[in-house]
Amino acid sequence: MATITLQGNPLQTIGELPEIGNQAPNFELVKGDLSPAKLSDYSGKRVVLNIFPSIDTGTCAASVRQFNKNAASLKNTNVLCVSRDLPFAQSRFCGAEGIENVACLSDFKTGALGKDYGLEITNGPLESLHSRAIVVIDEKGKVIHTEQVAEIVDEPNYEAVLSILG
C-alpha cells in the first residue's frame, strides 16, 4: 500500500505500482465508443498509462493536454489516459479540447486496472478512484518506468517519461 496525499491529507492506495522489469498486468478498459481496449491491443508498441482520478479536475485535464502535446512526437508509442470517468465524459472533454494524439479509456465497469496496478484509493473523499500515476510499458509488455505522484493535485513528471522514451 502506498501513502499519497490530497492537499496534504493522507490517503492510502490498495497496493504498489507494478515493479520495473516485470510484465505489465493485462487490462480491459472501455473506449469512447464503448468497445474494449486491452493491453494486448498495443503489442509491439510502447504504452504510456497516464492514470488519474477524474478528467473533470484541473490537474487531470492538464495532464491529458500535456501528454496530447508530447505524444505527437513519440514514435511507436500510444499514450492512454485512464480514469474511472464514464467514456461519455472523456469523449466530451477530448472533443471540446481537440485531443487527438492520446486515447482516453475508462475503468468505470470494475476498476480492475486500479486494483491490478495497485493504485485504487482505499479511503477519504476519493475512495475507489485511481491515484495519479504513470506506468510506461515497452514493446514486449515489460514495465520500464513508474511514478506514483505523491500529492494528488500535482502533475506527473513529464520529463522523466519523455527521457525514458528517448
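Visitor: How many residues sit between strand 8 and strand 9 in the hairpin?
Guide: There are 5 residues between them. Keep in mind that this is a predicted model. Gly141, in the turn, has a positive phi of about 90°.

Visitor: How many bridges join the two strands, and which way do they run?
Guide: Strand 8 (residues 133–137) and strand 9 (residues 143–148) run antiparallel, joined by 5 bridges.

Visitor: Which residue is the bridge partner of Val136?
Guide: That is His145, in strand 9.

Visitor: Switching to helix 4. Which of its residues are buried?
Guide: Helix 4 covers residues 158–165, and its buried residues are Tyr158, Ala160, Val161 and Leu165. They span an arc of only 165° around the axis, so they lie on the same side of helix 4.

Visitor: Why would residues three or four places apart point the same way?
Guide: Because an α-helix has 3.6 residues a turn.

Visitor: And which exposed residues are on the face turned away from the buried side of helix 4?
Guide: Glu159 and Ser163.

Visitor: What does the side chain of Asn157 reach at the start of helix 4?
Guide: The backbone nitrogen of Glu159. A side-chain oxygen of Asn157 comes to within 3.2 Å of that nitrogen.

Visitor: New topic, cysteines. How many disulfides?
Guide: The count is 0.

Visitor: Is Cys81 buried or exposed? And Cys104?
Guide: Cys81 is buried, at 0% relative accessibility. Cys104 also counts as buried, at 11%.

Visitor: Last one, Lys31. Where is it?
Guide: Lys31 is in the loop between strand 3 (28–30) and strand 4 (36–38). Its relative accessibility is 31%, so Lys31 counts as partly exposed.

Visitor: What is Lys31 in contact with, leaving aside neighbours within four places in sequence?
Guide: Pro36, Ala37, Pro87 and Leu105.

Visitor: How far apart are Lys31 and Leu6 in space?
Guide: They are 28 Å apart, C-alpha to C-alpha. In sequence, 25 residues separate Lys31 and Leu6.

Conventions: Residues are numbered from 1 along each chain as its sequence is written. This is a predicted model: local features need pLDDT of at least 70, side-chain atom pairs count only at pLDDT 80 or more; totals for chains, interfaces and linings use all residues. Side-chain values use heavy atoms; hydrogens and water are left out. Buried means under 20% relative accessible area, exposed over 50%, partly exposed in between (1.4 Å probe, protein chains only). Helices (H or I, at least four residues) and strands (E, at least two) are DSSP runs, numbered from the N terminus. The arc is that of the directions from the helix axis to the C-beta atoms. A polar contact is a pair of N or O atoms within 3.5 Å; within protein, one must be able to donate a hydrogen and the other to accept it, and residues adjacent in sequence count only if both atoms are side-chain atoms. Two strands pair if DSSP finds at least two bridges between them. Contact means heavy atoms within 4.5 Å. A disulfide is a pair of cysteine sulfur atoms within 2.5 Å.
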